[in-house]
Amino acid sequence: DKDITVVVSSKNPFDELLAIIQTERSLEILPDEFIGVGINHPLFNTMRWYFKSRNAVCLSTGILIRKNMGKKYDLERDHIFPFSVLKKHGYGMSNRHKYQLAQEITNRAILTSLANRTKSDNAASEYLAMVKKEYPNALQLQCIPDNPTLWEIENYELFLEARRKLLADEINQWLGGITDMEAPKLG
């Protein structure tokens, strides 16, 4: 109710709402906030909007993810390291912690549904090498580490750490530039 009142009655609702959030927590996103976070968490939507704001492309087709171009180009949240491969390496449901890491949003990329079907369960090392060759800036636009050693299954958790840091740094910079806040007149 308080948020709705701010939106309806404030001359500067965005800044006032940000100020309210800031009283509860820092607006800075820390890399550790991604640990074990799944696609239903608000960080995933923030990540997706950030990618769209950068004109990120589907990793397999090079098509801008901002544009909806019909059913086969609907956007999907694909595992970078396929779950079927991670499961074989101990990241299945029998180990709750590792399962959460397998489902973490830092192991997700935005692809078109057509691309997701063709990618299948290819190893991350092979898939990302192909992406880098075909669409050189696609990995950067979706904050995917550009270090091929991190794409190997034995370095999966190092990949997650690197991507968490990249995402936190990039999203914080983006959020900091969305608006120049004016101190709201509360009360």
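Analyst: Read along the sequence, this protein follows the pattern α-α-α-β-α-α-β-α-α-α-α, which amounts to nine helices and two strands. Please keep in mind throughout that the model is a predicted one.

User: What makes Ile 4 count as exposed?

Analyst: Ile 4, which has its place in helix H1 (residues 2-9), has a relative accessible area of 56%. Exposed means over 50%, so Ile 4, at 56%, is exposed. Together with Val 7 and Val 8, Ile 4 makes a nonpolar surface patch of about 310 Å².

User: Why is Lys 52 called buried, and what is Lys 52 in contact with?

Analyst: Lys 52, in helix H3, has a relative accessible area of 18%, and because buried means under 20%, Lys 52 is buried. Leaving aside its neighbours within four places in sequence, Lys 52 is in contact with Ile 65, Arg 66 and Leu 75.

User: How do you know that Arg 54 and Glu 170 form a salt bridge?

Analyst: The closest N and O atoms of Arg 54 and Glu 170 are 3.9 Å apart, and the cut-off for a salt bridge is within 4 Å, so the pair meets the definition. This pair links distant parts of the chain, since Arg 54 is in the loop between helix H3 (42-53) and strand E1 (75-79), while Glu 170 is in helix H9 (residues 156-178), 116 residues apart. Glu 170 has a relative accessibility of 24%, which lies between the limits of 20% and 50%, and therefore counts as partly exposed.

User: How many salt bridges are there in the whole structure, and which others can you describe?

Analyst: A search of the whole structure finds four salt bridges. Among them is the one between Glu 104 and Arg 164, whose closest N and O atoms are 2.8 Å apart. Here too the pair links distant parts of the chain, with Glu 104 in the loop between helix H5 (96-103) and strand E2 (108-112) and Arg 164 in helix H9, 60 residues apart. Both Glu 104 and Arg 164 are buried. Another salt bridge joins Asp 169 to Lys 165, again with the closest N and O atoms 2.8 Å apart, and these two residues both lie in helix H9, four residues apart, about one turn of the helix.

User: Are Asp 169 and Lys 165 buried, exposed or partly exposed, and why?

Analyst: Asp 169 has 40% relative accessibility and therefore counts as partly exposed, and Lys 165, at 47%, counts as partly exposed as well.

User: What makes you say that the buried residues of helix H7 are on the same side?

Analyst: The buried residues of helix H7 (residues 124-134) are Ala 124, Ser 125, Tyr 127, Leu 128 and Val 131. They cover an arc of only 165° around the axis, which puts them on the same side of H7. On the other side of H7, Glu 126 and Lys 133 are exposed.

User: Which residues have the most contacts inside the largest nonpolar core, and which element gives the most to this core?

Analyst: The largest nonpolar core has 40 residues, and those with the most contacts inside it are Phe 34, Phe 51, Leu 59, Ile 80, Leu 128, Ile 144 and Phe 159. H3, H5, E2, H7, helix H8 (138-141) and H9 each supply at least two residues of this core, and H9 gives the most, with six residues.

Note on methods. Residues are numbered from 1 along each chain as its sequence is written. This is a predicted model: local features need pLDDT of at least 70, side-chain atom pairs count only at pLDDT 80 or more; totals for chains, interfaces and linings use all residues. Side-chain values use heavy atoms; hydrogens and water are left out. Patches are made of residues with over 30% relative accessible area and no salt bridge: like charges are joined within 9 Å, nonpolar side chains (Val, Leu, Ile, Met, Phe, Trp, Tyr) within 5 Å. Accessible areas come from the Shrake-Rupley method with a 1.4 Å probe; for residues, only the protein chains shown count as cover. A salt bridge is a side-chain nitrogen of Lys or Arg within 4 Å of a carboxyl oxygen of Asp or Glu. Buried means under 20% relative accessible area, exposed over 50%, partly exposed in between (1.4 Å probe, protein chains only). Contact means heavy atoms within 4.5 Å. The arc is that of the directions from the helix axis to the C-beta atoms. A nonpolar core is a set of buried Ala, Val, Leu, Ile, Met, Phe, Trp, Tyr and Cys residues joined through side-chain atoms within 4.5 Å.
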